[in-house]
Amino acid sequence: MADIARHSLAVKLREGVVLEPADLSIWDEDGAVDSAAVPLEVLFTGAPRGLEERRDEFSAALTETLREVLQEARREEFRSQLAKKQESTLRRRGAAAEVEGGDGTEEKWRSYLRKPATDAKLQVHSIFDAGTRVRRVLGCRVSMSPEAAQELGKICFQHVFETEEESEERLG
């Protein structure tokens with residue numbers, strides 16, 4: 001899991017406690033969630049004692065954090081797509097002899113704008129103590145829409161979810 005994802009997915013609680021996730025993985029339990037949702041398990045190390053008894057508070061804070069992270073990712077994607085369109089428009093204006101059809105950026109922009117916004121359908125199913133007597137680990141089982149899960153995957157595990165084109169664009 002990328003460090004930047006750990007920081008952005010940190011759950012902030014009332015008493016100033018901040019829990020950063022140690023791991024995010026697919027929760028393998030058949031039939032536990034709707035077939036249209038992706039089940040995920042998030043593990044938080046260093047959880048204070050008694051936090052699993054305050055499930056509602058932690059569940060609300062985790063849900064809000066996930067919503068904010070996914071919304072910021074959508075905003076960042078929009079900014080990126082808009083910048084590409086604007087760059088393409090400026091490039092075409094600067095070209096002396098424009099060829100009909102352009103470079104495809106305009107079509108990509110239109111297709112991006114036509115893409116419907118989807119609800120993340122975030123749901124916290126359970127919060128449990130996953131640690132030992134020595135190490136406190138709080139486990140959270142959540143589910144979300146496939147689109148939201150893929151976006152979260154891109155945030156947390158960029159090297160796995162990123163296409164070659166996206167990787168070259170980011171690095172290059």
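**Exercise 1.** In which loop is A37 found? Decide also whether A37 is buried or exposed.

*Solution.* The model used here is predicted.
Step 1: Find the strands on either side of the residue. A37 sits in the loop between β3 (21–26) and β4 (38–45).
Step 2: Compare the accessibility with the cut-off. A residue is buried when its relative accessible area is under 20%. A37 has 18%, so A37 is buried.
Step 3: Look across to another part of the chain. V142 is 105 residues away from A37 along the chain, and the two C-alpha atoms are 9.6 Å apart.

**Exercise 2.** Locate R136, state whether R136 is buried or exposed, and find the polar contact of its side chain with D129.

*Solution.* 
Step 1: R136 is in the loop between β5 (123–129) and β6 (137–144).
Step 2: The relative accessibility of R136 is 14%, so this residue counts as buried.
Step 3: The side chain of R136 makes a polar contact with the side chain of D129, at 3.4 Å. The cut-off for such a contact is a pair of N or O atoms within 3.5 Å.

**Exercise 3.** Describe the backbone angle phi of K121 and the place of this residue.

*Solution.* 
Step 1: K121 has a phi near 50°, which is a positive value in a residue other than glycine.
Step 2: Most residues other than glycine have a negative phi.
Step 3: K121 lies in the loop between α3 (105–114) and β5.
Step 4: Exposed means over 50% relative accessible area. With 55%, K121 is therefore exposed.

**Exercise 4.** Which residues form the negative surface patch, and which helix gives the most to the patch?

*Solution.* 
Step 1: The patch is formed by E77, E164, E165, E166 and E168.
Step 2: Helix α6 (residues 164–171) contributes the most, with 4 residues.
Step 3: Take one member as a check. E164 is in helix α6. Its relative accessible area is 68%, so E164 is exposed.

**Exercise 5.** Where is E162 placed, and is E162 buried or exposed?

*Solution.* 
Step 1: E162 is in the loop between α5 (158–161) and α6.
Step 2: The relative accessibility of E162 is 19%, and the limit for a buried residue is under 20%. E162 therefore counts as buried, whereas E164 is exposed.
Step 3: E162 and H7 are 155 residues apart along the chain, and 20 Å separates their C-alpha atoms.

Terms used:
Residues are numbered from 1 along each chain as its sequence is written. This is a predicted model: local features need pLDDT of at least 70, side-chain atom pairs count only at pLDDT 80 or more; totals for chains, interfaces and linings use all residues. Side-chain values use heavy atoms; hydrogens and water are left out. Patches are made of residues with over 30% relative accessible area and no salt bridge: like charges are joined within 9 Å, nonpolar side chains (Val, Leu, Ile, Met, Phe, Trp, Tyr) within 5 Å. Accessible areas come from the Shrake-Rupley method with a 1.4 Å probe; for residues, only the protein chains shown count as cover. A salt bridge is a side-chain nitrogen of Lys or Arg within 4 Å of a carboxyl oxygen of Asp or Glu. Lys and Arg count as positive and Asp and Glu as negative; His and the chain ends are not counted. The place of a charge is taken as NZ of Lys, CZ of Arg, CG of Asp or CD of Glu. Helices (H or I, at least four residues) and strands (E, at least two) are DSSP runs, numbered from the N terminus. Buried means under 20% relative accessible area, exposed over 50%, partly exposed in between (1.4 Å probe, protein chains only). A polar contact is a pair of N or O atoms within 3.5 Å; within protein, one must be able to donate a hydrogen and the other to accept it, and residues adjacent in sequence count only if both atoms are side-chain atoms.
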